[in-house]
Amino acid sequence: MNIEEIRNYCLSKKGVSEDFPFDEETLVFKVQGKIFLLTNINNIEISVNLKCEPELAVELRERYESVQPGYHMNKKMWNTVKYNGEFSDKEFYNMIDHSYNEVVKGLTKKLRDALMEIPS
């Protein structure tokens, strides 16, 4: 897994854009303007911040050493996930999917409706 694979996976999702809103190192992926994944492109080790349902966030932290409370984020709803071989690619992609879905659930009805109108 590398940053380009993560980038391609995120951009394949409906309504996703990428940006560097904070600095030249922090790549941010948003759905309908709301962040669902952040990563530092200059880190040697792949590490991402992902939104997570609070109970699942705790469960993942207990299950995996490489999942910690979100760095510089609301620790109740965000995890920092280091991709270091502790879990499968599929599990990692599931975490990204969950983050995307959590953000979509929190969108206004107007933004969700607009997202549904975007062709796949």
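A residue counts as buried when its relative accessible area is under 20%. That cut-off is used throughout these legends, which describe a predicted model.

Figure 1. The protein chain holds 4 helices and 6 strands. Read from the N terminus, the elements follow the order α-β-β-β-β-α-β-β-α-α. The radius of gyration is 14 Å, close to the 14 Å that the globule rule gives for 120 residues, so the chain is as compact as a globular protein of that length. Along its principal axes, the C-alpha trace spans about 40 × 30 × 25 Å. Of the 120 residues, 38% count as buried. Now look at contacts between residues with a separation of 6 or more: 46% of them join residues 24 or more positions apart.

**Figure 2. The surface and charges of the chain.** The accessible surface comes to about 7,100 Å². Carbon and sulfur atoms account for 50% of that surface. The chain carries 16 positive and 20 negative side chains. The centres of these two sets lie 8 Å apart.

**Figure 3. Strand β4 and its two partners.** Strand β4 covers residues 46-51. How many of its 6 residues are buried? The count is 5, so β4 is largely enclosed by the rest of the structure. One partner is strand β3, residues 34-40, which pairs with β4 in the antiparallel sense over 3 bridges. β3 and β4 form a hairpin, with 5 residues between them. Within this pairing, threonine 39 has valine 48 of β4 as its bridge partner. Another partner is strand β6, residues 78-83. β4 and β6 are also antiparallel, and 6 bridges link them. Here asparagine 49 stands opposite threonine 80 in β6. In a regular strand the side chains alternate between the two faces of the sheet.

**Figure 4. Strand β6 and valine 81.** Of the 6 residues of β6, 5 are buried, so this strand too is largely enclosed by the rest of the structure. Find valine 81 in β6. Valine 81 is the bridge partner of valine 48. Valine 81 is also the bridge partner of valine 67. Strand β5 pairs with β6 in the antiparallel sense, over 3 bridges.

**Figure 5. Cysteine 10 and the residues around it.** Cysteine 10 lies in helix α1, which covers residues 3-11. Is this residue buried or exposed? Its relative accessible area is 0%, so cysteine 10 is buried. Leave aside residues up to four places away in sequence, and cysteine 10 touches Val16, Phe29, Phe36, Leu37 and Ile96. Valine 28 is 18 residues from cysteine 10 along the chain. The C-alpha atoms of cysteine 10 and valine 28 are separated by 10 Å.

**Figure 6. Two loop residues with positive phi.** Most residues other than glycine have a negative phi. Glutamine 32 has a positive phi, near 50 degrees. Where does glutamine 32 sit? Its place is in the loop between β2 (26-31) and β3. Histidine 72 also has a positive phi, near 60 degrees. Histidine 72 lies in the loop between β5 (67-69) and β6. With a relative accessible area of 67%, histidine 72 is exposed.

Terms used
Residues are numbered from 1 along each chain as its sequence is written. This is a predicted model: local features need pLDDT of at least 70, side-chain atom pairs count only at pLDDT 80 or more; totals for chains, interfaces and linings use all residues. Side-chain values use heavy atoms; hydrogens and water are left out. Buried means under 20% relative accessible area, exposed over 50%, partly exposed in between (1.4 Å probe, protein chains only). Two strands pair if DSSP finds at least two bridges between them. The radius of gyration is taken over C-alpha atoms; the globule rule is 2.2 Å times the number of residues to the power 0.38. Contact means heavy atoms within 4.5 Å. Accessible areas come from the Shrake-Rupley method with a 1.4 Å probe; for residues, only the protein chains shown count as cover. Lys and Arg count as positive and Asp and Glu as negative; His and the chain ends are not counted. The place of a charge is taken as NZ of Lys, CZ of Arg, CG of Asp or CD of Glu.
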